[in-house]
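Please look over the sequence and the structure shown here before reading the briefing, and keep both at hand while you work through the points.

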Amino acid sequence: MSRRTRWIASAAVWGAVTAGAVAAPFYLEGFWLQTGLFAMSAAVGAIGINLLTGATGQLSLGHAFFLAVGAYAYVYLSSDVGLPTPLAAVLAVAASGVAGGLFSPIAGRLKGAYLGIATLALIFGGQHVLFNAETVTGGYNGRAVPPMELFGFVFADSPEVVVFDVPFGSLERLWFLGLVVLGCAALFARGVLRGRPGLAMNAIRDHEIAAGVMGVPVARYRAGVFVVSSMYGGLAGVLVALVFQRVVPDYFGILLSLDYLAMIVIGGLGSVAGAVIGAAFVSLLPQLLTRYGDALPLVAAPGSGGVSPAEAARILYGAAVVTVVLFLPGGLLGLASRLRRAIPRIKELRWANSAPEPASRR
Amino acid sequence: MTTFVELLVNGVSVGAVYALIALGFVVIFKATEVVNFTHASLLLAGGYLIARLHPVVGFWAAVSAGVAGAAVVGALVEFLVIRRGRVGSHGVLAIVTIGVDILLTTELTRQIGTDVLAMGDPWRDQVVRLGPVTIAETRLVALGVAAALIVAFLLAFKFTGWGVAMRATAEDAETAALMGVRLGRVSLSAWAVAGGLAAVAALFLCVFPTPGLDRSTAAAAMKAFPAAILGGLDSTTGALAGGLIVGVTETMMSGYQGQLAFLGRGIGDAAPYLVMIAILLFRPAGLFGTKEPARV
């Protein structure tokens, strides 16, 4: 494939994806829109953790904490302090960054799985604060999330808006906000990964000492990536809060962090596209099983004693994590690119087989 | 004062149980350099077997079956997954163990459901009175068993062929292999031993004063992670110290909750992690961990 045709092909793919994403709210029902929005927010968070774990090799089990910081900071700043909601959202993301920065004495010094265990402290400490600081977090019952309002446009069900005969409720409106946020987050992360910082991060992952000798400030980079990654977490938290319209402490537990790690492993470590694919896989799977569980063998209705859809989804993606690492290094994204490389090769092979024997054999 | 002594004994006893879990964790790390997040589900598996089998075969047989079962599960994880994961970094293997943990924990919690399973131990809720101090028998037995197991383990580590092979592997796997140490066997046995220790720990985490084995038991097992890391992941002494620190801190914080009301309810659960952070700030490799020197 020449460079030109490849460019045209990728432009066509991206055009189709964008068109599909923009057209989706006109055709999909609320259930799928909500699922899609969760997938989008998960994708934002997964991109962040992929910068940390995939590109820099630092394990974090504390991502759920940063989502919580983002979500709760947004609620607190917009309803208690009374800031305009977009400002509250920006400050909430900044607050997650500050929380990540406060952890940097540890994030900069510990490596790999050590950091993973240390970040467990964020989860359990965070849960403790969420349950106890009732004036800010609302304790066990959580708090309602005020809808986003951008230049006078409210992301809620009222006032009513109808576009092309489709009533635009909060989900339809948030869909576009989610698309824009995800797009920006993905572009920024791609820029980081393709530029000098990305090279430095990969160098730290592959050989810490060599990276240091080449002049990469290892501890500073580790701390910096941790901060960026936690800001991505905060952004994902704000999105989740807007979609849920309520934040409760239970949601931001260890299971959420594990979900995020599963996403990047399944999708593909160290790349933006991998994070997005993995996020879609992990967030869509339980919903698909819930919706079509009746038609599937082995999946029973919740509470009937069999494997419930949520459990089946967890088992499936637990197995997916193991399978991917054992058989598909590079995740689903790696599989896709290997297929793409394999197809021209097959064509070549066929061509070579059909060609006449070379005459110059002695 | 009485309360203090009671809390101290309870804390040490709980700490000894955590030390058992942390010890398994450290053994796996030394033998295979994998940080094993499957540990919580190994523990759950052992506890579940004991709880389900004791009405059928009696308590002692059930305990042996539980220990053997958890050891087999551990060995299987090593044999089927860890050994086959040909990945460059051990960080990725750590994530694989998370995947295995998700699988096992989901299935086990599904089996347990909303039940609270009794362990059927002979000590029940009997207490021992030493003057004004009252201590549950289970706590004393836990302390004794854990201490005995730890001593036995450390002796084996020092004096048996298995222990020498294990230490040689931890020191330099390649050289050990050249000297005839079978690395596969070493790592398999490490995982089996860790599983067995976890099952014993599960028994003592679920007896009086805890109501029994339920789906939150895995969360209790999570407290052994800070124990292992604050002591130093590659140090058996560290695992013991870490376990005791975590156990005593947790018990003290929960016991004096009334006086510590400003810290909020349930501070005992968060305390081990806070202690871990405080220690890591000053000693990033843990209390007894070796700071690995690197040669370029």
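This is a predicted model: local features need pLDDT of at least 70, side-chain atom pairs count only at pLDDT 80 or more; totals for chains, interfaces and linings use all residues.

Over all chains the structure holds six salt bridges, yet between chain B and chain A the count of salt bridges is zero.

**The contact between the chains**

- The size of an interface is often given as the accessible area lost when the parts come together.
- The contact involves 41 residues of chain B and 39 residues of chain A.
- On the side of chain B that touches chain A, at least two residues each come from helix 1 (2-32), helix 3 (59-82), helix 4 (90-112), helix 10 (224-231) and helix 12 (267-282) of chain B. Helix 4 of chain B supplies the largest share of that side, with 12 residues.

**Regions recorded as transmembrane**

- For chain B, an unreviewed UniProt entry lists residues 12-29, 57-81, 140-157, 188-208, 228-248 and 260-282 under "transmembrane region".
- In the model, residues 12-29 of chain B are 100% helix and 0% strand, with end C-alpha atoms 25 Å apart, while residues 57-81 of chain B are 96% helix and 0% strand, with end C-alpha atoms 32 Å apart.
- For chain A, the regions listed by UniProt under the name "transmembrane region", again in an unreviewed entry, include residues 33-52 and 260-285.
- Residues 33-52 of chain A are 100% helix and 0% strand, and their end C-alpha atoms lie 29 Å apart; residues 260-285 of chain A are 85% helix and 0% strand, and their end C-alpha atoms lie 14 Å apart.

**Two helices of chain A**

- Gly82(A), which follows helix 3 of chain A, has a positive phi near 85°.
- Helix 2 (residues 30-55) of chain A contains Ser41(A), which counts as buried because its relative accessibility is 1%, under the 20% cut-off.
- Leaving aside residues up to four places away in sequence, Ser41(A) touches Ala236(A), Leu239(A), Val240(A) and Tyr260(A).

- Side chains of opposite charge can pair when their charged atoms come close.
- Arg222(A) forms a salt bridge with Glu208(A), and the closest N and O atoms are 3.5 Å apart. This pair links distant parts of the chain, since Arg222(A) lies in helix 11 (residues 218-244) of chain A and Glu208(A) lies in helix 10 (residues 208-213) of chain A, 14 residues apart.
- Arg222(A) counts as buried at 5% relative accessibility, whereas Glu208(A) is partly exposed, with a relative accessible area of 29%.
- Arg205(A) forms a salt bridge with Asp206(A), with the closest N and O atoms 3.1 Å apart; here Arg205(A) is partly exposed at 35% relative accessibility, and Asp206(A) is exposed at 55%.
- In chain B, the side chains of Glu78(B) and Arg83(B) meet in a salt bridge with an N to O distance of 3.1 Å. Glu78(B) counts as buried at 3% relative accessibility, while Arg83(B) is partly exposed at 36%.

- Most residues other than glycine have a negative phi.
- Gln245(A), although not a glycine, has a positive phi of about 65°. This residue lies in the loop between helix 11 and strand 6 (246-247) of chain A, and counts as partly exposed at 41% relative accessibility.
- Glu33(B), also a residue other than glycine, has a positive phi near 60°. Glu33(B) is found in the loop between helix 1 and helix 2 (39-57) of chain B, and is partly exposed at 46% relative accessibility.

Note on methods
Residues are numbered from 1 along each chain as its sequence is written. Chains are lettered from A and ligands numbered from 1 in the order in which they are written. Side-chain values use heavy atoms; hydrogens and water are left out. UniProt positions are given in the numbering used here, feature names are shortened, and annotations may be inferred rather than shown by experiment. Helices (H or I, at least four residues) and strands (E, at least two) are DSSP runs, numbered from the N terminus. Buried means under 20% relative accessible area, exposed over 50%, partly exposed in between (1.4 Å probe, protein chains only). Contact means heavy atoms within 4.5 Å. A salt bridge is a side-chain nitrogen of Lys or Arg within 4 Å of a carboxyl oxygen of Asp or Glu.
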